[in-house]
Structure formats: structure tokens, C-alpha cells
Amino acid sequence: MARPASLDESPWLPAYGWWPPPSDYDVTAILTPYHSAIEPEARFRFVLRGYAGSLDPVWEHDVGILPFGRQRGIRLDAISVPPPPEPEGGILEVHAVRLDRQPKGTIGFNGMWIDAIGRRGGGYVIPTIPIRGQRKVVKRDDLQVIPGIIASREVETELVLLNVIDEPVEVRLVASTPDGLVAETEPFEVGPWSAWRRDLSDEIPRIHRMLLDSDGVGSLSIFSNHRLLPYFGFRKGGNPVVSMDHSAPIFASA
Amino acid sequence: MASPPAVVCHCRRVPYETVRRAIESGRASSLADIQRETTACTRCFGCRFELQRMLEERLGDRYRPTEFVARVPGESSLLRRLAARVRGRSVLPRRMYMPALAGFRGRDVDTRVVLFNWAGGSADGTAVTVRADLLALDGTRRAVWEHSVPPGGSAAVGAGELLPDELEGGVGAFKLVLDAPELGSLRPYFHLVSPGGITSTHEKAGPADPSAIERRRPYHWVFPVGFSERQEEAYLFCTNTQARPMEGHELVWQDESEREERTRFPPLELDQSACIALHEHFPDLASGRFAGTVRLVPATHKVAGFILRYDDEGDRWRVQHL
């Protein structure tokens, strides 16, 4: 499927979220000018796309142009998109192109929201995140952290890594105890335009024993040779995941 | 050995006794006087409610509270800029806010804050001391936790273990105060722990200088609501991170049909929080039949805002920052 040139050439870059399997989650993308503007003359064009392993989108949904004051909730169940691979899911790309003005600087983005309700309860609500264009000063682009992973008999950390570039990304996970002891995975690849979804204790089997003295609580470092968009969430007992959040980069100034 | 004096200002380590003497000697009859005379309340401003209470107790009707706390009067901006240049960073510490639920509305829920001091893969990193103030919604400090996080290590603290007694309404705010040249990995995340699950997101920081006046924000704070087959309670948690009080704000629920409903947002001073049950003000929002947003108007303040959704059937929370 060809990309419309108007989106490819826009200095407003898309932002991303996980496109989870519909058997797991009921997903609504909430598209609202209020999250990016206060001017009555603001106008946005919204386009959603789903990717699964290739730069060519599996589907595209052109929402059209919304003036300031109008909003849309796009429920993926309602627009008949094909399902992503199970259980990993795919990539949801949200273009929110502001038409009445250019971004400050050369590029910018307008983050939107994803409200995902678990079919068995739980779920997550999360903003879409760009791969470039953020204004916060990040010290390193090859490392993100999750303070407060949990791995115990009762609780599992579920990881979802989103690769939104057209090359495989090499990843290494390093879990650490509160005292600083570490255990890590061998390097592995996340394919281009793909989601990777695993339980942390499957990737680092020692982690339950490592975190025994800290109620299962530790931290995780995610090293990658290109920026990834990692999500994490917790499952308690046989319950569904509540709720996923994104990891944190290593920031520069305090 | 004598125990160390009880401290009212944890940033400057100013004992209660020093402030008491300043008031009783007549040298201090206002918050600004205390700031000048003792250096208390000149960094994170977290002790201002305790200092105001001390002034009220000692001075009675003679005490005239100021509208809001500011940096030390007379401290020139040039001096501040020079100090920042010498230190290579902002003079003020970073303030980071999170909701603290501990028995909220009689439910079995607690809040755990976790910090990670990534050390660059070596043991040669530096331990970093952080402080967490547990605040009631009205901004008064209920407990203080100070901890040194070792290089490469993590630290966690729960609201329930800090509290000497119950938090009023089972809800308050964590305020983390960090004095470090770089934020690095020290962005705290928190867990809401309930029988049905554990949910997590990260803090929201206040501006470097809470006295700075933000006239107009470029966007609204937005609480998003998607379609759902399940009904959930919805709470907006907000802390005012700026010295300028929030007054006259409203929350506006708007669905796709552009239908709007409004409710008043409570006035908030610096470090004061509100936990607003949106599903009670806007019943359509909780039905799952409508998608839309609740926005805070006018767009003027940098709040530390959070989305809290509660599924009563599963006794589990979903949380996210705004």
C-alpha cells in the first residue's frame, strides 16, 4: 500500500503504540486536537495505520480533518482491520498532522491516546510516542530503563518491545536487584516494524531467585542498537495485565 | 547521646527550634521573614504549611498569610543565574509528584514508589540521596522518607509503611525531591498494588522554579476515554506544581458529538492535590458507550496529572500520567 505523499513529507512525525491482538484487547484510539492545541483555528488531519513485519502497512484508516473542538474515538473493532500476528501483535501508527501551522524547529509530533480494555478485564491507557521529535534532552539513545519490574511467584512482568524502523534492532535485557546484582539475556533481534512480546522470567529464568529478598521488585535496563519503544505491564496470579506503561530514557539535565 | 533536633525544612536541615526562636524573638512574622532569617523553605517549599501553622500558633490574628510562597525576596535573578552557572544546573531541586493511594475509599490498595540509579554498568557510580514527602491532599506533610540509592541499585517505599496513621480519604500525593546534577535513570515509577493486579507509571515533574508564572500552555491536559464493554470508575488526580494558585478552573467532558458537560475544579495551591471522581460528575463517561475526553480549562498551569481507572469487579486499577 503506497503512503500518501502529504503524510510522508509532513514535518509532523507520526507517533506509535502497540497494536495488540484483538483477542486480548478492545482498543480505542482517541484523536483530539485539545491534546495538542488551544487555538480555535487549529486543524488536524488524522490517519491510522497498522504494521506487522514490513514497512508496508497492513491497513490504513484515514479519519480525515478535524477542526479544533471536534474529537474522534476510533475503535479498531469497528473499522474491520485484519488481526495482527498472535501473540505479539503489531505496530499502531498514528499520524496527527497539524494543518494550520508548522512545528517549532524542523520536526514535531502530536501525541494522541490509546485506551485498551482487556477482554478479561484490566488493560492499559497510554499516550502514543514518537521515535524522533521529542524535545526532552536524552543523554543516551541506546538504553531505556524500567524502575520497578516485578518477578515473583505471584507476579509476572510482561514486556512488549516495538521496533518502528525498517531494520532489525538488537536488544539485550539486564535485570538488577536493589543491591545492584545483575543478570542478563543474550542479545536477540526484534524484526523491522514488529512487536516482540514475552514474559520477563522466560527470558531471565534466574530472576525469581534474584529478587526473592526484595518482594520480587527490581529494575530492568533495555539496551538496543537503535531506539525502541518498550512497554511493560504486570500480571498477578491468573489475572490479566494491568496496566502497560512505557520505559524511561536516560535523561541529561535534572 | 542526645538525639538530633527535629527538622522542619529537610532541604536546608533547619530545626523547628530555629524557626520557633525566630518567631518568638520578633524577627519573623511572615513566611518571607522565616525564609530570610533561617533559610527554611527556600528550596522545594515543602515545609511551607508547617511554617504557616507555626506562625499562626505563635502570632494568632497578627499573622497575615501571603498569597503564595515564592523564592527568598531580595535574592536577585542575577545571583541565581550566576549560582546556576557555577553549579552547572538549576539551583532548585527537581520536584516529582505521584498519587498515593492507601486504602482509598475503603479499598485494599497501596502505593509503592521505585527508583533506579543506573550506574553506567560499573560499580564506580555515585550513590544518590532522594527524599520522598508523603502529602495529604491539602499539601500538609504526613511523612518523610530519605534514602540513599546505591549505584546500579534500586530503592522502593510504600505509602502504607510510611504513614503513622491513616491518610485522610485514603489518598494523598508523593513528592520526590531530587538533588542531582543529572536526572539520568532517577525518574521514579510507582505501583498501585491491589488484590486484582499491579499497575504502574512514572512521576510528573513540576517546573524547575515553581515561582515561574506560566501564562498560557500550548495544549490542554486531557483525560482520554475509549469505548468499553466494562464499566470502570474514573478519577482525575492532579497536583498543582506551581506557586501560583489554581483558581476558577473547570473540567469539561466532551464526547464525539461535541456535547459538553462541565464541573468546577477545586482551587489548589502549590503542592495541593485533588482526586476527582469523574464518573460521578459525568455518568456518560463511565458507561463505556461514549469516547471522548475530559479537559482542564483554562490551559494555564503545569499540573502533575494522572488518569486512574478502577474496575470494581476485578478489584484492579489502571493508571497513566497525563
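Strand E13 (residues 169-176) of chain A is joined to E17(A) by 6 bridges, and the two run antiparallel. Here two strands count as paired if DSSP finds at least two bridges between them. Helices (H or I, at least four residues) and strands (E, at least two) are DSSP runs, numbered from the N terminus. One pair to look for is Val174(A), whose bridge partner in E17(A) is Ser221(A). Strand E17 (residues 217-224) of chain A is mostly covered, with 6 of its 8 residues buried. The word "buried" has a cut-off: 20 or more other C-beta atoms lie within 10 Å of the residue's own, while 12 or fewer make it exposed, anything in between is partly exposed, and the C-beta atoms are placed from the backbone.

This is a predicted model, in which local features need pLDDT of at least 70 and side-chain atom pairs count only at pLDDT 80 or more, while totals for chains, interfaces and linings use all residues. Residues are numbered from 1 along each chain as its sequence is written, and chains are lettered from A and ligands numbered from 1 in the order in which they are written.

**Chain B as a whole**

Chain B contains 7 helices and 20 strands. Its radius of gyration is 21 Å, close to the 20 Å that the globule rule gives for 322 residues, so chain B is as compact as a globular protein of that length. That radius is taken over C-alpha atoms, and the rule is 2.2 Å times the number of residues to the power 0.38. The C-alpha trace of chain B spans about 65 × 50 × 40 Å along its principal axes. Of its 322 residues, 50% count as buried. Among contacts in chain B with a separation of 6 or more, 72% are between residues 24 or more positions apart; a contact means that two C-beta atoms, placed from the backbone, lie within 7 Å.

**A sheet in chain B**

In chain B, 4 strands form an open sheet in the order E17-E14-E19-E20, with antiparallel pairing. Strand E17 (273-277) and strand E20 (316-321) of chain B are the edge strands, each pairing on one side only. From one strand to the next, the twist averages 20°; axes are lines fitted to C-alpha atoms, for helices over the stretch in contact, and angles run from 0 to 180 degrees between N-to-C directions. Strand E19 (residues 303-311) of chain B is joined to E20(B) by 6 bridges, and these two run antiparallel. Within this pair, Leu308(B) stands opposite Val319(B) in E20(B).

**A helix with a buried face**

Which residues of helix H2 (residues 31-38) of chain B are buried? They are Leu31(B), Ile34(B), Gln35(B) and Thr38(B). Seen down the axis of H2(B), these buried residues fall within an arc of 105°, so they line one face of the helix. The arc is that of the directions from the helix axis to the C-beta atoms. An α-helix has 3.6 residues a turn, so residues three or four places apart point the same way. The buried residues of H2(B) pack against strand E2 (14-15), helix H1 (16-24) and helix H3 (48-59) of chain B.

**Backbone details in the loops**

Most residues other than glycine have a negative phi, and most peptide bonds are trans. The table lists some places to check against that rule.

| Site | Backbone feature | Value |
|---|---|---|
| Glu86(A) to Pro87(A) | cis peptide bond | omega about -5° |
| Val297(B) to Pro298(B) | cis peptide bond | omega near -10° |
| Arg13(B) | positive phi | near 55° |
| Thr39(B) | positive phi | about 70° |

Pro87(A) lies in the loop between E6 and strand E7 (90-98) of chain A. Pro298(B) is in the loop between strand E18 (292-297) and E19 of chain B. Arg13(B) belongs to the loop between strand E1 (7-9) and E2 of chain B, and it is partly exposed, with 13 other C-beta atoms within 10 Å. Thr39(B), in the loop between H2 and H3 of chain B, is partly exposed with 16 other C-beta atoms within 10 Å.

**Where the chains meet**

The contact takes 60 residues from chain B and 50 residues from chain A. On the side of chain B that touches chain A, the largest share, 6 residues, comes from strand E11 (residues 197-202) of chain B. The residues of that side divide into 26 nonpolar, 20 polar and 14 charged. Ala, Val, Leu, Ile, Met, Phe, Trp, Tyr, Cys and Pro count as nonpolar, Asp, Glu, Lys and Arg as charged, and the others, Gly among them, as polar.
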